[in-house]
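Subject: Structure for you to look through

Hello,

Please find the structure below, with notes on what was found in it. Keep the 3D view open while you read.

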Amino acid sequence: MRANYHTHTWRCMHAFGLEREYVERAIEGGLKILGFSDHAPYPFPKTYYSGFRMRMRELEYYVKTVIALREEYRKDIQIHLGLEAEYYPDYFSEFLEAISGYPIEYLLLGQHFLGNEIGDFYSGAATRNPVLLERYCNQTKEAMETGAFSYLAHPDLIHFIGDDAVYDKSIRPLCQSAKACGIPLEINFLGISDKRNYPDERFWKIAGEEGCSVIFGADAHDPQSVWNPEALKKAEQLVQKYRLNLTETLVLRRPGQNG
């Protein structure tokens with residue numbers, strides 16, 4: 001593994017360690033590219049508090065910190081500046097405007113909630129409801145079609161425990177849309193390490209049949225997780241089992257450039 005674009009920082013309030021420690025761990029593991037993509041601030045109403053992302057006032061320091069490390073370690077590793085963000089239709093244009101003054105190189109799509117988050121369904125909660133599954137897939141497809149995102153993080157986050165045929169009916173068009181948009185799908189190492197509901201083999205079977213591109217992502221919330229040989233081995237087994245098209249090259253789509 002030579003590249004990881006999915007790396008968090010302490011600002012999201014559920015990750016640990018200094019940015020420098022992530023960089024040095026990446027170098028130790030032989031990575032050539034490290035992308036920081038902490039949970040993006042979002043312009044929610046002031047009456048709402050989203051507790052798993054940085055605040056808008058922290059964005060400037062986040063940017064300065066990553067850029068300084070990029071310069072300091074330029075001879076050792078290539079560092080990129082990104083954010084992981086949801087697609088929330090009511091706030092998305094305002095979000096893009098809010099980050100437009102910063103040199104953000106890419107956005108990862110991580111659709112953690114449906115709707116606009118506030119009072120809506122968390123995608124990783126177990127459900128048998130096909131309506132929620134369909135909403136997740138439709139919202140994710142709409143997000144990819146904006147052109148604002150470089151890849152889809154943990155695309156199999158949606159925890160549908162109902163009928164496999166119902167799952168296939170919704171997930172297959174999502175995979176087809178990802179392929180049409182040129183969006184790689186992430187095999188998520190945090191899900192592997194924590195034994196979460198993802199990676200979901202039903203998803204990757206469909207992705208393989210549809211000829212989707214896939215990419216590895218550490219989803220690192222602590223420095224040790226930037227380089228994870230055990231998760232890498234299991235991810236490679238998924239690639240081989242379902243004949244997935246693995247890529248390590250990411251097209252950096254600057255937010256708002258195509259959206």
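**Strand 1 and Asn4**

Asn4 sits in strand 1, which covers residues 3–4. Helices (H or I, at least four residues) and strands (E, at least two) are DSSP runs, numbered from the N terminus. The model is a predicted one: local features need pLDDT of at least 70, side-chain atom pairs count only at pLDDT 80 or more, and totals for chains, interfaces and linings use all residues. Residues are numbered from 1 along each chain as its sequence is written, and side-chain values use heavy atoms, with hydrogens and water left out.

Is Asn4 buried or exposed? Its relative accessibility is 0%, so Asn4 counts as buried. Buried means under 20% relative accessible area, exposed over 50%, and partly exposed in between (1.4 Å probe, protein chains only). The side chain of Asn4 reaches the backbone nitrogen of Ala218 at 2.8 Å. That is a polar contact, a pair of N or O atoms within 3.5 Å; within protein, one must be able to donate a hydrogen and the other to accept it, and residues adjacent in sequence count only if both atoms are side-chain atoms. Contact in general means heavy atoms within 4.5 Å. Neighbours within four places in sequence aside, Asn4 is in contact with Leu31, Ile33, Leu34, Gly35, Gly217, Ala218 and Asp219.

**Two loop residues**

Met13 is found in the loop between strand 1 and helix 1 (19–28). It is partly exposed, with a relative accessible area of 43%. Met13 and Met54 are 41 residues apart in sequence, but their C-alpha atoms are 7.4 Å apart in space. Leaving aside neighbours within four places in sequence, the contacts of Met13 are Tyr49, Ser50, Gly51, Phe52, Arg53 and Arg55.

Glu117 belongs to the loop between strand 4 (106–109) and helix 4. Its relative accessible area is 2%, so Glu117 is buried. Which residue's side chain is joined to that of Glu117 by a polar contact of 2.6 Å? The partner is Tyr48. With neighbours within four places in sequence left aside, Glu117 is in contact with Phe44, Tyr48, Ser50, Phe52, Arg53 and Tyr88.

**Aromatic pairs**

Rings of Phe, Tyr and Trp (its six-membered ring) pair if their centres lie within 6.5 Å; planes under 30 degrees apart count as stacked, over 60 as edge-to-face and the rest as tilted. By this rule there are 16 aromatic pairs. In one of them, the rings of Phe92 and Phe149 have centres 5.7 Å apart and planes at 25°, so this pair is stacked. Phe92 lies in helix 3 (residues 92–99) and Phe149 in the loop between helix 4 and strand 5, so the pair ties together parts that are 57 residues apart in sequence. Phe92 is buried at 6% relative accessible area, and Phe149 is buried at 1%. Ring pairs also link a cluster that includes Tyr48, Tyr88, Phe92 and Phe149.

The 16 residues of helix 4 should span 22 Å at 1.5 Å a residue, and its end C-alpha atoms are 23 Å apart, which agrees. The expected span is 1.5 Å times one less than the number of residues. At the start of helix 4, a side-chain oxygen of Asn129 comes to within 2.8 Å of the backbone nitrogen of Val131. After helix 4 comes Gly147, with a positive phi near 80°. The buried residues of helix 4 pack against strand 4, strand 5 and helix 5.

Helix 5 (residues 164–181) has 18 residues and reaches 25 Å from its first C-alpha to its last, close to the expected 26 Å. Asp163 caps its N-terminal end, with a side-chain oxygen 2.9 Å from the backbone nitrogen of Ala165. Where does helix 5 kink? A kink of about 25° lies at Ser170, shortly before Pro173. The bend at a residue is the angle between axes fitted to the seven residues ending there and the seven starting there. Ser170 is also one of the buried residues of helix 5. Gly182 follows helix 5 and has a positive phi, near 70°.

Regards
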